[in-house]
Amino acid sequence: MSFWKKPALVAVSALTAFAVSACGVTSGASEAPKQPSVLELLASDLKGSLLKAAEATDKTDSVTVTMTGTMAGEKISVQGLLDLGDPLKAEMKMTNSKGATTVRMIGPVIFTEIPAENRASTGGKRWMKMDLTGLSEMAGSGFAKQFEDADPVKQVKTLLAIDGTTVVGQETVNGVPTVHYTVTTPVATYLKQIDAMRRDATEQTLAAQGVKELTIDLWVDEQYRPRRAGLVMGTMGDMVIDYTDYDKAVVVETPPPAETADFAEMLKGLTATR
């Protein structure tokens, strides 16, 4: 072989190797099949994805929630933190046309901040304590529902328990890619998913408002965590909950006893004076 042909052969071999590698082809082997993305799996494997979402959310320590909606014709807004440990803890600031109220929950016990102008009746104490385990079905049910509705674990498990959930498609929520799920269900089916202690009171409220069915929506991200949940209760109201800052350190403390009035004790005192 002549001297000039050797460099030419080397150059041709190098160009051939470059072309093969650029095309992703390996001699003697076929191209590997493309693996579906998490978003594609969320859309194609509905039940499997919701099961993974339930598992992932169950391991979550905390989350920030923002709730907006309408209830009985009145706009409401709730912002707060959930500590998803045992017991469940939360601190929420609820705002409506009457003003803003801060509420803390430590397990079954709820502490409501008393407006400064109303503290004379409680001896100047800042917080009102209500232990829901010691109250009737109706008492405290509104507060309990707010916290239960905000729990992302509850949202996922509700969809898993109700037949007929469908995939709407991929959507972006607060800059995060998600897959949107939805289901419309009769009131009787929905009632089976809520706490038994509140079931009768909730049924009466929905019936009084003529609500026959509810629509539940859920948006799940690529980490199998809820990013948004929605609930439409006919003409009675609607609610959208956004979830951010998963696993961010939060502290929800029981208010000092010296600053707390006990609702149950106040009721006993009123009964004793009759």
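Predicted model: local features only at pLDDT ≥ 70, side-chain atom pairs only at ≥ 80, totals over all residues.
A search of the whole structure finds 8 salt bridges. Three of these pairs are described here in turn.

Asp 58 and Lys 157 form a salt bridge through their side chains, with an N to O distance of 3.5 Å. Asp 58 belongs to helix H3 (residues 46-58) and Lys 157 to helix H5 (residues 152-161), so the bridge ties together parts that are 99 residues apart in sequence. Both ends are partly exposed: Asp 58 has a relative accessibility of 47%, and Lys 157 has one of 41%.

A salt bridge also joins the side chains of Glu 113 and Arg 126, at 2.8 Å from N to O. Glu 113 sits in strand E5 (residues 109-113), whereas Arg 126 sits in the loop between E5 and strand E6 (127-131). The two residues are 13 apart, and the pair links distant parts of the chain. Glu 113 is partly exposed, with a relative accessible area of 21%.

Asp 242 forms a salt bridge with Arg 228, and their closest N and O atoms are 2.6 Å apart. Asp 242 lies in strand E11 (residues 237-244) and Arg 228 in strand E10 (residues 226-233), so parts 14 residues apart in sequence are tied together. Asp 242 is buried, with a relative accessible area of 14%. Arg 228 counts as partly exposed, at 22%.

Helix H5 contributes Lys 157 to the bridge with Asp 58. Buried residues in H5 are Pro 152, Val 153, Gln 155, Val 156, Thr 158 and Leu 159. Lys 157, by contrast, is partly exposed. At the start of H5, a side-chain oxygen of Asp 151 comes to within 3.0 Å of the backbone nitrogen of Val 153.

Attention now turns to strand E8 and the segments around it. Thr 185 is part of strand E8 (residues 176-186). Thr 185 is buried, with a relative accessible area of 3%. Neighbours within four places in sequence aside, Thr 185 contacts Ile 162, Tyr 190, Glu 213, Leu 214 and Ile 216. Of these partners, Glu 213, Leu 214 and Ile 216 fall within strand E9 (213-221).

Lys 212 occupies the loop between helix H7 (196-208) and strand E9. Lys 212 is exposed, at 69% relative accessibility. Its contacts outside four places in sequence are with Pro 186 and Val 187. The C-alpha atoms of Lys 212 and Val 187 are separated by 5.7 Å, although the residues are 25 apart along the chain.

Gln 193 lies in the loop between helix H6 (187-191) and H7. Gln 193 counts as buried, at 17% relative accessibility. A separation of 8.6 Å is found between the C-alpha atoms of Gln 193 and Ile 162, which are 31 residues apart along the chain. Ile 162 is also one of the residues in contact with Thr 185.

Note on methods:
Residues numbered from 1 in each chain as written. Heavy atoms only, no water. Helix = DSSP H or I, 4+ residues; strand = E, 2+ residues; numbered from the N terminus. Buried < 20%, exposed > 50% of the residue type's maximum accessible area, 1.4 Å probe, protein only. Contact = heavy atoms within 4.5 Å. Salt bridge = Lys/Arg side-chain N within 4 Å of Asp/Glu carboxyl O. Polar contact = N/O pair within 3.5 Å; in protein donor to acceptor, adjacent residues only side chain to side chain.
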